Amino acid sequence: MLNNPALKHLEWPFFDPRHRELAAQLDAWCAEFLHSGHGADVDAECISLVRALGQGGWLRHAVAGTALGGAAEVIDTRAICLLRETLARYNGLADFAFAMQGLGSGAISLAGTPEQRARYLPAVARGEKLAAFALSEPQAGSDVAALQCSARLEGDSYVLNGEKTWISNGGIADFYVVFARTGEAAGSRGISAFIVDAGTPGFEIAERIEVIAPHPLARLKFSDCRIPASQRIGAPAEGFKIAMRTLDVFRTSVAAAALGFARRGLQEGLAQAKSRAMFGAHLADLPLAQAKLADMACTVDSSALLVYRAAWQRDQGQTVTREAAMAKLMATEGAQQVIDAALQLHGGRGVRSGEIVESLYREIRALRIYEGASEVQQLIIGRDLLK
């Protein structure tokens with residue numbers, strides 16, 4: 001297993017034997033079932049990937065509670081990081097499909113009622129229901145406390161009005177975890193969380209959003225959308241805390257996905273340098289190319305150390321606010337540098353549509369923004385240092 005260069009870091013003391021076995025099994029599964037890139041119908045392929053990941057048993061790791069189909073009673077951070085790293089190394093859309101099942105249902109795993117958990121989580125783990133996490137708004141991205149989407153209590157129902165945007169799985173999800181202002185207090189203290197099923201009257205997909213690395217993305221609109229009060233997750237005004245707890249579980253895994261993209265970039269760059277004839281030798285024989293490869297390898301390993309330090313600490317029950325922010329900042333920014341260098345090693349071929357490095361170049365860019373942009377991570381780290 002460890003003869004594979006992409007798995008050598010599993011020798012590090014951050015991992016238990018079960019993690020090493022999990023990573024090796026998924027690597028073998030990916031080699032058999034996944035390919036780079038995707039077809040023209042991204043929605044259909046994403047749904048197909050969710051089904052395949054569910055049938056393969058991989059989505060069990062994105063759900064908490066063994067009685068509900070989860071792999072463990074609590075989500076194992078190292079496991080989801082290894083899963084996302086491996087999936088991203090093979091196929092960016094497969095990583096996306098896995099991540100959204102976890103992020104979209106995470107609030108239910110963390111704070112859902114027994115009825116909510118039983119209704120949604122087993123189907124998520126089997127890949128039968130697609131989940132979405134609806135937090136961002138046109139004027140509330142990094143500043144979550146500024147969100148304006150409202151939920152008004154009327155009898156035994158809530159009535160939702162407003163918009164959400166940049167919602168992954170928008171348009172194909174079976175249910176959406178929506179954060180809305182219920183008005184108990186100003187700012188972040190007056191937000192609650194709700195489950196809204198697709199097809200609920202008053203809820204519509206207002207716009208499908210096209211981005212450089214295609215995946216299902218949409219703007220949502222709520223117009224007097226009435227849902228039962230039983231669809232609220234947690235107590236009133238606990239929505240912000242639930243959102244932050246959910247993001248805390250999965251933020252380190254964003255760094256792991258970036259690490260997977262970077263590993264593939266290094267792999268592609270190394271292969272190109274070894275095979276590309278240049279000046280009577282090969283590109284790999286040139287000192288400048290060797291220096292570039294050395295920088296890429298150092299970036300990959302330093303990112304991996306930060307990612308799995310944060311994941312290990314969280315699995316030990318430690319607070320990882322600073323460590324997770326460091327991992328996301330360095331892994332995403334570093335992956336951009338590694339992939340850019342890999343593309344440069346490919347020369348003109350690197351910008352040709354359909355090339356793996358061209359796809360990686362488009363895939364990595366969004367990771368420096370979503371679930372906390374790099375600048376937000378810098379603020380988190382700085383403020384933590386100044387405590």
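I count a residue as buried under 20% relative accessible area, as exposed over 50%, and as partly exposed in between, with a 1.4 Å probe and protein chains only.

**Basis of the entries**

I am working from a predicted model, in which local features need pLDDT of at least 70 and side-chain atom pairs count only at pLDDT 80 or more, while totals for chains, interfaces and linings use all residues. I number residues from 1 along each chain as its sequence is written, and side-chain values use heavy atoms, with hydrogens and water left out.

**Whole protein**

I find 10 helices and 10 strands in the protein; helices (H or I, at least four residues) and strands (E, at least two) are DSSP runs, numbered from the N terminus. The radius of gyration is 21 Å, close to the 21 Å that the globule rule gives for 387 residues, so the protein is as compact as a globular protein of that length. I took this radius over C-alpha atoms, and the globule rule is 2.2 Å times the number of residues to the power 0.38. Along the principal axes, the C-alpha atoms fill a box of roughly 80 × 45 × 40 Å.

Of the 387 residues, 53% count as buried. I then looked up contacts, meaning heavy atoms within 4.5 Å. Among the contacts with a separation of 6 or more, 72% come from residues 24 or more positions apart.

**Tyr 120**

I located Tyr 120 in helix α5 (residues 114-126). Leaving aside neighbours within four places in sequence, I list its contacts as Ile 108, Lys 129, Phe 175, Ile 195, Asp 197 and Gln 231. With Gln 231 there is a polar contact of 3.1 Å between the side chains. For a polar contact I require a pair of N or O atoms within 3.5 Å; within protein, one must be able to donate a hydrogen and the other to accept it, and residues adjacent in sequence count only if both atoms are side-chain atoms. I also checked Tyr 120 against Ala 218, 98 residues apart along the chain, and their C-alpha atoms are separated by 22 Å.

Next I traced the partners of β3, taking two strands to pair if DSSP finds at least two bridges between them. Strand β2 (residues 150-154) runs antiparallel to β3, with 5 bridges, and Glu 154 stands opposite Ser 157. Their hairpin has 2 residues between the strands, and Gly 155 there takes a positive phi near 65°. Strand β7 (residues 217-228) is also antiparallel to β3, joined by 9 bridges, and Ser 168 stands opposite Leu 217.

Most residues other than glycine have a negative phi. I noted Asp 224 for its positive phi of about 50°. Asp 224 is in strand β7 and counts as exposed because its relative accessibility is 52%. I noted Ala 237 as well, with phi near 75°. Ala 237 sits in the loop between β8 (232-233) and α6 and counts as partly exposed, at 23% relative accessibility.

For helix spans I expect 1.5 Å times one less than the number of residues. Helix α7 (residues 287-315) has 29 residues and should span 42 Å; its end C-alpha atoms are 42 Å apart, which agrees. After α7 comes Gly 317, with a positive phi near 85°.

Helix α10 (residues 374-385) has 12 residues and reaches 17 Å from its first C-alpha to its last, close to the expected 16 Å. Which residues of α10 are buried? I find Ser 374, Gln 377, Ile 381 and Asp 384 buried. They cover an arc of only 90° around the axis, which puts them on the same side of α10; the arc is that of the directions from the helix axis to the C-beta atoms. On the other side, Glu 375 and Arg 383 are exposed. The buried residues of α10 pack against α6 (239-275) and α8 (321-346).
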